[in-house]
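Open the structure in your viewer and get ready to pick out residues one by one. We will take a short walk together, stop by stop.

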Amino acid sequence: MKHRKKILVIAVIAIATLLLNNALYSVSEVQQVIITQFGKPVGMPITHAGLKIKVPFIQQVNIMEKRVLEWDGRPSDMPTKDKLYISVDLFARWRITEPLQYFLRLKDERSAQSRLDDILGSETRNAVAKHELIEIIRTDKNRSPLREGVLSTFEEDLKIGTLVPIQKGRKLVEQEIFSAAEEKVRVFGIELLDIRFKRINYNASVRPKIYERMVSERRQIAERFLSEGNGEAARIRGDRVRELNKIQSEAYLRVEQIRGEADATAAKIYAQAYSQSAQSKALYEFTRSMASYPVVISANTTLVLSTKSELLQYLNKTNVNKALLKPHKATKNGR
């Protein structure tokens, strides 16, 4: 009898322990719970941490995250407004704000991730298709539109590689995707916190064409720099030749002026020196005649002069000169 009582007590304790263990459950600070009975939610969502109780075996505990969750999309190829295919990789952050609505619509996180794939992927395609490629890729580290610098101004002068003016930039495109997707995910009890482009690459089919275009444009810019440099060098060389000719002509002019002034001064000095008296004039005539003889008369020179020639008057006064003149008097002319 006592043995049966012990077995009964042990059975009662085991059943009570099992019932208590199934009735009690705990909720942590990062969790929120929906209680279901035969698959249907009962009561309000439990969002506060602590030890809770439920009907054992009949009711089930469905735990959901209260923390911020991550959505990381797969890279997807999509066209831009200017018909360039790019590979876009996107990520987002979200959290569950209405657990009951979330449980009724999605049940679990796996379904939520799948639904976010559809919504965010669709809205990204719509936003990318409405904007030029430059609106998405040309941004600085703060995701603000990146404006052109000195080289791009040079490109504008060349009329090549002219870029479409940036109206929005990547940040505003992300905001457009966020605003469109936020309304659609809210009906699932989800709050979309943020969305960003993680990586944007050219599609493999258009990448060679893009690179060829970039190389061609940079080559044109290099040729423009080279032609302008050659033109500037030719201008500098022309200026150098012109300045050199100017300096030489000015130097020649100055030399001639100095030479003329020197000749004039010498003539003036001669005139003053030989015009002082009749004797000085006679001396001047004599010295000038003597200076002309070496120029006029050489070893093989034959002169035919008149007896009244001024050049002959000094030659007649010497015996040597008379001897030199005898052959000339015996000429056929009789002079």
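Start by selecting Leu-120 in this predicted model. Leaving aside residues up to four places away in sequence, what does Leu-120 touch? Show Trp-71, Leu-90, Ala-92, Ala-181, Leu-192 and Ile-195, and you have its contacts.

Now widen the view to the largest nonpolar core, which has 33 residues. Leu-120 is among those with the most contacts inside this core, together with Trp-94, Tyr-102, Ile-190, Leu-192 and Phe-197. A second, separate core of five residues includes Tyr-25, Val-27, Val-33 and Ile-46. As a general rule, nonpolar side chains in soluble globular proteins tend to be buried together.

Next, select α3 on its own. This helix has 21 residues and reaches 30 Å from its first C-alpha to its last, close to the 30 Å expected at 1.5 Å a residue. Which residues of α3 are buried? Highlight Ala-112, Gln-113, Leu-116, Ile-119, Leu-120, Glu-123, Thr-124, Ala-127 and Val-128. These residues cover an arc of only 155 degrees around the axis, which puts them on the same side of α3. An α-helix has 3.6 residues a turn, so residues three or four places apart point the same way.

Move on to strand β8 (residues 85–96). Its pairing with strand β9 (residues 190–202) is antiparallel and runs over 11 bridges; find Asp-89 and its bridge partner in β9, Arg-199. Strand β6 (residues 69–72) also pairs with β8 in the antiparallel sense, over four bridges, and here Asp-72 has Phe-91 as its partner. Four bridges join strand β7 (residues 76–79) to β8, again antiparallel, with Ser-76 opposite Val-88. Between β7 and β8 lie five residues, making a hairpin, and Lys-83 in the turn has a positive phi of about 65 degrees.

For the last stop, show the open sheet of three strands, in the order β3-β2-β5, with antiparallel pairing. Because β3 (40–41) and β5 (59–65) stand at the edges with a single partner strand each, one side of each is left without a neighbour in the sheet. Zoom in on β2 (residues 31–37), which pairs with β5 over seven bridges. Which residue in β5 is the bridge partner of Ile-35? Select Val-61 to see that partner.

Terms used:
Residues numbered from 1 in each chain as written. Predicted model: local features only at pLDDT ≥ 70, side-chain atom pairs only at ≥ 80, totals over all residues. Heavy atoms only, no water. Pairing = 2+ DSSP bridges. Helix = DSSP H or I, 4+ residues; strand = E, 2+ residues; numbered from the N terminus. Core = buried A, V, L, I, M, F, W, Y, C linked by side-chain atoms within 4.5 Å. Buried < 20%, exposed > 50% of the residue type's maximum accessible area, 1.4 Å probe, protein only. Contact = heavy atoms within 4.5 Å. Expected span 1.5 Å × (residues − 1). Arc of directions from axis to C-beta.
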